[in-house]
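I hope they are handy as you look over the model.

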Amino acid sequence: MKRTLLISLGLLCVGLGFVGIFVPGIPTTIFLIIALWAFTKSSEKLRHWLLNHKRFGPILNNWQEHKVVPRRAKILMVVLMSLAVFLFCLLYTSPS
């Protein structure tokens, strides 16, 4: 039962992390870190898959070894979130 819940949580977080790549404002990295934690507790196969993933693997390996998110990822996150806020303000504010 516990294993099934952890695998479900991990898969849900991987899905949310994937959505976060395309939707501004939804974090990607934190969902992947939670998924890694859940897979570590429940499924070695899924943990191995996530750590060896082409896109997600390097960030998660860095997190697992050093407990840090790479500077490049932080800068990219700030730039993309700022762009999203700018576009939102530009498109959804009416002139006074």
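**Notes on the helix packing**

1. The crossing of α1 and α2 is left-handed (the near helix is turned anticlockwise from the far one by less than a right angle). On the α1 side the contact (heavy atoms within 4.5 Å) involves residues including R3, L6, I7 and G10, and on the α2 side F31, L32, I34 and A35 are among them.

2. A word on the basis: this is a predicted model, with local features needing pLDDT of at least 70 and side-chain atom pairs pLDDT 80 or more, while totals for chains, interfaces and linings use all residues. Numbering runs from 1 along each chain as its sequence is written, and side-chain values use heavy atoms, without hydrogens and water.

3. The axes of α1 and α2 lie 8 Å apart, at an angle of about 155 degrees. That makes the pair roughly antiparallel (angles over 145 degrees).

4. Helix α1 spans residues 2–22 and reaches 31 Å from first C-alpha to last, close to the 30 Å expected at 1.5 Å a residue (1.5 Å times one less than the number of residues).

5. Do look at S43, in the loop between α2 and α3. S43 counts as buried, at 7% relative accessibility. Leaving aside neighbours within four places in sequence, S43 is in contact with R3 and I7.

Definitions and conventions
Helix = DSSP H or I, 4+ residues; strand = E, 2+ residues; numbered from the N terminus. Buried < 20%, exposed > 50% of the residue type's maximum accessible area, 1.4 Å probe, protein only. Axes fitted to C-alpha atoms, helices over the stretch in contact; angles between N-to-C directions. Parallel < 35°, antiparallel > 145°, perpendicular 65-115°, else oblique.
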